[in-house]
Amino acid sequence: MSHDLADAGPGAPLVRADGLQIGYRLPVCAPVDLAVRPGEVLAVVGANGTGKSTLLRTILGHLEPLGGRAELLGRPVDPRSLDVRAAVAQDLGDDMFFPALTVREHLLLTCYGHRVTDAEEVVEDLLEEFGLTDRADAVPGALSSGQRRRLLLAAALARPRSLLVLDEPEQRLDVGMRHHLTGRLREEREAGGAVLLASHDPEVVAGAATAVLLIDETTTRTLGPQDGAAAVAAL
Ligand SMILES: Nc1ncnc2c1ncn2[C@@H]1O[C@H](COP(=O)(O)OP(=O)(O)OP(=O)(O)O)[C@@H](O)[C@H]1O
């Protein structure tokens, strides 16, 4: 799963923010400090509209920071960098597909693009894991919303990565698949991967996170997984 990092030494944060101000001309929340190292899962939580998606997009370089600093792989964020694209898998929940490619072809394309050996086997396993085997020859337009979400997750997991960034991956999943996702994220960290995710799901937070960042307009707080899950449940 893991990809060698050019500059980051062992245990160095794969993603880091210092006094990072995020928003659209005006900040949407308090400045953010965070670091995610190999083997850590940081869950960003907060009420609707507090800026979780904005934070992930800024850290990935899709949005410019309003102030402060963000780093990926120990360097200022550059989403075009080959190292970043090779090391960072992401699923931000956007239904972005090639309309004429099937489910299986999307996953194979992802594997080929990232030089996955035994791509066919990897893809068949992911189809099975995410309950998509029966839909492998369907095009995205013919899928249900939940099936499209599972395809996005499967695609993020089909490729090698050192850092996985997920925006509310539990959305549109049934209880069983949310439970599976929790275990999958735990396995990711146990294998030395790093995960940064936004979540509204107490089970995902309690079961997978190693730390929780609670954000709102005026403050940010770092909590343990159990307190973080309780904070999510109380939102
Ligand atoms: N493209 C945009 N231009 C201007 N404002 C935006 C844009 N996208 C989001 N916002 C605003 O920024 C704030 C933070 O939105 P964001 O989507 O980051 O919140 P969130 O915490 O992810 O919310 P949710 O839990 O509902 O997904 C909200 O007030 C939102 O309306």
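Q: What's the mean pLDDT of the chain?
A: This is a predicted model, and the mean pLDDT of its chain is 94, with 96% of the residues reaching 70 or more.

Q: And where does pLDDT stay under 50?
A: That happens over residues 1-6, for which the model has 17 contacts beyond four places in sequence.

Q: What ipTM does the complex get?
A: The predictor gives the complex an ipTM of 0.98, along with a pTM of 0.94.

Q: OK, on to the ligand: which residues surround it?
A: The surrounding residues are Y24, V28, G46, N48, G49, T50, G51, K52, S53, T54 and A198, and by class this shell has 3 nonpolar, 7 polar and 1 charged residues.

Q: Which helix gives the most to that shell?
A: Helix α1, covering residues 52-59, gives the most, with 3 residues.

Q: Switching to the sheet, what's the strand order?
A: The sheet is open and has 6 strands in the order β8-β9-β10-β5-β11-β12, with mixed pairing. β8 (88-91) and β12 (220-223) stand at the edges and each has a single partner strand, so one side of each is left without a neighbour in the sheet. From one strand to the next, the twist averages 15°.

Q: How many bridges join β5 to β11?
A: Strand β5 (residues 41-45) and strand β11 (residues 211-215) run parallel and are joined by 4 bridges; in β11, L213 is the bridge partner of V44.

Q: Which strands does α6 lie across?
A: Helix α6 (residues 175-190) lies across β5, β9 (163-167) and β10 (194-198), and it runs at about 145° to β10.

Technical notes:
Residues numbered from 1 in each chain as written. Predicted model: local features only at pLDDT ≥ 70, side-chain atom pairs only at ≥ 80, totals over all residues. Near = placed C-beta within 6 Å. Helix = DSSP H or I, 4+ residues; strand = E, 2+ residues; numbered from the N terminus. Nonpolar A, V, L, I, M, F, W, Y, C, P; charged D, E, K, R; others polar. Pairing = 2+ DSSP bridges. Axes fitted to C-alpha atoms, helices over the stretch in contact; angles between N-to-C directions. Contact = placed C-beta atoms within 7 Å. pLDDT = per-residue confidence, 0-100.
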